[in-house]
Amino acid sequence: MNKGVLLAIASALVFSAMNALIKAASLTIPSAEIVFFRSIIGTVLVLLLMCQARVAFSTQGVPLLVLRGVFGALYLLAFVYTIAHIPLADAAILAYLSPFFVIVLSSLVLGERLPARAKFLLPLVLIGVGMVIDPFGFSAFNIYALAGVASAIFAAGASITIRHLSKSHHTYEIIFYFLATATVISAVLMKDEFVMPQGITWLYLIAIGVVSLLGQIFLTKAFTHENAAVVAVTRYIGLAFNILWGVIFWDEVPDWLTALGGTLIVVACIWLSWPAKAVKEPEKKKAYAG
């Protein structure tokens, strides 16, 4: 198996473990406080990596770096809030909507042309979202599921800014602005509801910070060994990992509506994300993948 694919699978596994740790910590710790610990630990670690790699802070493009940080912070806050209140599988499915919103925002904000297949795939994604949120079941159709959709929108905004920043900024610097901004925003939000962690919760919070950075490194290295489309598709295996943790630790077995909606979302987002060139030149793609 290609090294890039293995790294993408590893990143999906690590991020799913982070989600499980977040859910475990959320039983006693507010969402904003989890984001704070996750971010401040990651900020310290990425600073150490920047020092080791001798990466200097840029004087150009700072506003866009801050904007990326804000989008990332809002994504993280919304995602953690979602994980804390709905089944892990549902939260993960909604988070995987980000490629859908990247396509939509790229068209609306950047003026990029929508791929031809988007005309029938975008409605398919919306149908899948409706199934996961389940508007017919009042207990499921609530602010928590909508926060999951919002997390995907913010993640898409972050992805678009990263697309531009990666041309002139080091990966570590981009990650630093994300984590530092999330630290500041979450610190403000948690000040009135801070809960002192006890016992094993400390281990959860520390592990969340370390594991999240490890997953980011695996993912970054995956993109250096394999093309973006293959990595993006491979990462969807993370959904299976999230379902597994939900079943093992919280007896969260997805119902048929969630399973069907999740399948529609994943298939449509993979198809949307796959470059048209790769579809038109199957023989070349096959040779590259082999």
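Over which ring does the charged end of Lys23 sit? The ring is that of Trp250, and the charged end of Lys23 lies 6.0 Å from its centre. A charge counts as sitting over a ring if NZ of Lys or CZ of Arg is within 6 Å of the ring centre and within 35 degrees of the ring normal. Some notes on the rest of the model follow.

1. Ground rules. This is a predicted model, in which local features need pLDDT of at least 70 and side-chain atom pairs count only at pLDDT 80 or more, while totals for chains, interfaces and linings use all residues. Residues are numbered from 1 along each chain as its sequence is written, and side-chain values use heavy atoms, with hydrogens and water left out.

2. Helix 4. Here is a helix that is mostly covered: residues 88–95 make up helix 4, and eight of its eight residues are buried. They are Leu88, Ala89, Asp90, Ala91, Ala92, Ile93, Leu94 and Ala95. Buried means under 20% relative accessible area, exposed means over 50%, and partly exposed is in between (1.4 Å probe, protein chains only). Helices (H or I, at least four residues) are DSSP runs, numbered from the N terminus.

3. Thr258. This residue belongs to helix 12, residues 256–273. Thr258 has a relative accessible area of 5% and is therefore buried. Setting aside neighbours within four places in sequence, Thr258 is in contact (heavy atoms within 4.5 Å) with Asp90, Ile93, Met131 and Val132.

4. Ala8. Look next at helix 1 (residues 3–25), where Ala8 is placed. Ala8 is buried, at a relative accessible area of 0%. Apart from neighbours within four places in sequence, Ala8 is in contact with Ala222, Val231 and Thr234. Ala8 and Tyr236 are 228 residues apart in sequence, yet their C-alpha atoms are 9.5 Å apart in space.

5. Thr183. Helix 8 holds Thr183, which counts as buried at 12% relative accessibility. Leaving aside neighbours within four places in sequence, the contacts of Thr183 are Phe36, Ser39, Ile40 and Thr43.

6. Aromatic pairs. How many aromatic pairs does a search of the whole structure find? The search finds nine. Rings of Phe, Tyr and Trp (its six-membered ring) pair if their centres lie within 6.5 Å; planes under 30 degrees apart count as stacked, over 60 as edge-to-face and the rest as tilted. One of the pairs is Phe57 with Phe176, edge-to-face at 4.9 Å centre to centre and 65° between the planes. Phe57 lies in the loop between helix 2 (31–53) and helix 3 (62–85) and Phe176 in helix 8, so the pair ties together parts that are 119 residues apart in sequence. Phe57 is partly exposed at 42% relative accessible area, whereas Phe176 is buried at 14%.

7. A pair within one helix. Trp245 and Phe249 form a tilted pair, 6.3 Å centre to centre with 35° between the planes. Because they are four residues apart in helix 11 (residues 238–250), about one helical turn separates them. Trp245 is buried with a relative accessible area of 19%, while Phe249 is exposed at 52%.

8. Cluster and patch. Phe36, Phe37 and Trp202 form one aromatic cluster. Trp202 also belongs to a nonpolar surface patch of about 460 Å², made together with Phe194, Met196, Ile206 and Val210. Patch residues have over 30% relative accessible area and no salt bridge; like charges are joined within 9 Å and nonpolar side chains (Val, Leu, Ile, Met, Phe, Trp, Tyr) within 5 Å. A salt bridge is a side-chain nitrogen of Lys or Arg within 4 Å of a carboxyl oxygen of Asp or Glu. Accessible areas come from the Shrake-Rupley method with a 1.4 Å probe. Met196 sits in the loop between helix 8 (171–190) and helix 9 (200–225) and is partly exposed at 47%.

9. Positive phi. Which backbone angles deserve a look? Arg54 has a positive phi of about 55° although it is not a glycine. Arg54 lies in the loop between helix 2 and helix 3 and is exposed, with a relative accessible area of 79%. Asp251, likewise a residue other than glycine, has a positive phi near 55°. Asp251 is placed in the loop between helix 11 and helix 12 and counts as exposed at 66% relative accessibility.

How values were computed. Helix = DSSP H or I, 4+ residues; strand = E, 2+ residues; numbered from the N terminus.
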